[in-house]
Amino acid sequence: MGIKGLTKLLADNAPKSMKEQKFESYFGRKIAIDASMSIYQFLIVVGRVGTEMLTNEAGEVTSHLQGMFSRTIRLLESGLKPVYVFDGKPPDMKKQELAKRFSKRTDATEDLAAAIEAGDKDDIEKFSKRTVKVTKQHNEDCKKLLRLMGVPVIEAPSEAEAECAALCKKGKVYAVASEDMDSLTFGAPRFLRHLMDPSSRKVPVM
């Protein structure tokens, strides 16, 4: 979900808590990754043009599989040991937020239909991304792929970010990697941003 302004808060009040490292410096490290966040990114970015998505011959969406495969191969080839954590049952406290997200997707679906009717390419691009939802099937597809690749898959009892933080606190993994900083508020002692950015961006890991 993300916490607005947390990066700035840390930079202003605890600058020594943040430093930049090279991607290569995590060679041999076990890193916990929130799988849902990754899958969501892949569905929005990989092979997507407007409402068209990457599919197989049967017409099934494969963006999440292509993205997960490519990113995981890059991490493994660099000597990192990814551990993907999948969400379990959402906590009751999140019901209101999930209802809000559902409402936003419904609005975006209506706006998308209007944009398609008007032939507005920019709005089609914008609203089609807002209709994206990670489904149970997307998760199951990726779990199967990762297990076939021999990569650890963990199913959290509830929030994946909380499970990532718990794994890090217990020393089962070296750090948590995500662009969404929720794991920090669950007490993750080490948190990595930009670890999974494309190598072409040449952005240091924070």
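Predicted model: local features only at pLDDT ≥ 70, side-chain atom pairs only at ≥ 80, totals over all residues.

Me: How many of the residues of the protein chain count as buried?

Reply: Of its 206 residues, 36% count as buried. As for contacts with a separation of 6 or more, residues 24 or more positions apart account for 63% of them.

Me: What makes His-64 count as buried?

Reply: Buried means under 20% relative accessible area. His-64 has 0% relative accessibility, so His-64 counts as buried. This residue lies in helix H3.

Me: And what makes the meeting of His-64 and Asp-141 a polar contact?

Reply: A polar contact needs a pair of N or O atoms within 3.5 Å. The side chains of His-64 and Asp-141 make such a contact at 3.0 Å, and that value is within the limit of 3.5 Å. Beyond its neighbours within four places in sequence, His-64 is in contact with several residues, including Ile-39, Phe-42 and Leu-43, as well as His-138 and Cys-142.

Me: Why are H2 and H6 called roughly perpendicular?

Reply: Two packed helices are described by the angle between their axes and the distance between the axes. The axes of H2 and H6 cross at roughly 105° and come within 11 Å. Angles of 65 to 115 degrees count as roughly perpendicular, and therefore H2 and H6 are roughly perpendicular to each other.

Me: Which residues of H2 and H6 meet?

Reply: From H2 come Ser-36, Ile-39 and Leu-43, and they meet His-138, Asn-139 and Cys-142 in H6. Sorted by class, this contact has 3 nonpolar residues, 3 polar ones and no charged ones.

Me: Which residues in H2 are buried?

Reply: They are Ala-35, Ser-36, Ser-38, Ile-39, Phe-42, Leu-43 and Ile-44. There is also something to see at the start of H2: a side-chain oxygen of Asp-34 reaches to within 3.3 Å of the backbone nitrogen of Ser-36.

Me: Which residues touch the most other members of the largest nonpolar core?

Reply: That core has 28 residues, and Ile-31, Met-68, Tyr-84, Phe-86, Leu-192 and Leu-195 touch the most other members. At least two residues each are supplied by strand E1 (30–34), helix H2 (35–45), helix H3 (63–77), strand E2 (81–86), helix H6 (136–148) and strand E4 (175–177). The largest share, 5 residues, comes from H2. Another core, of 15 residues, lies apart from it, and among them are Ala-32, Cys-168, Val-173 and Val-176.

Me: How do you know that Ser-178 is buried?

Reply: The cut-off for buried is under 20%. Ser-178 has a relative accessible area of 5%, so Ser-178 is buried. Its place is in the loop between E4 and helix H8 (182–185). The side chain of Ser-178 reaches the backbone nitrogen of Asp-180 at 3.0 Å.

Me: Is Met-196 buried or exposed, and what shows it?

Reply: Met-196 has a relative accessible area of 10%. Buried means under 20%, so Met-196 is buried. Met-196 lies in the segment after E5 and touches Ile-33, Ser-38, Arg-71, Arg-74, Ala-177 and Ser-178, leaving out residues up to four places away in sequence. Met-196 and Arg-74 are 122 residues apart in sequence, with 9.1 Å between them in space, C-alpha to C-alpha.

Me: Why is Ser-158 called partly exposed?

Reply: Buried is under 20% and exposed is over 50%, with partly exposed in between. Ser-158 has a relative accessible area of 23%, so Ser-158 is partly exposed. Look for Ser-158 in the loop between strand E3 (153–155) and helix H7 (160–169). Ser-158 and Lys-89 are 69 residues apart in sequence and 4.7 Å apart in space, C-alpha to C-alpha.

Me: And what makes Pro-189 count as exposed?

Reply: Exposed means over 50%. Pro-189 has 54% relative accessibility, so Pro-189 counts as exposed. Pro-189 is found in the loop between H8 and strand E5 (191–192), and touches Cys-168 and Lys-169, not counting residues up to four places away in sequence.

Note on methods: Residues numbered from 1 in each chain as written. Heavy atoms only, no water. Core = buried A, V, L, I, M, F, W, Y, C linked by side-chain atoms within 4.5 Å. Buried < 20%, exposed > 50% of the residue type's maximum accessible area, 1.4 Å probe, protein only. Helix = DSSP H or I, 4+ residues; strand = E, 2+ residues; numbered from the N terminus. Axes fitted to C-alpha atoms, helices over the stretch in contact; angles between N-to-C directions. Parallel < 35°, antiparallel > 145°, perpendicular 65-115°, else oblique. Contact = heavy atoms within 4.5 Å. Nonpolar A, V, L, I, M, F, W, Y, C, P; charged D, E, K, R; others polar. Polar contact = N/O pair within 3.5 Å; in protein donor to acceptor, adjacent residues only side chain to side chain.
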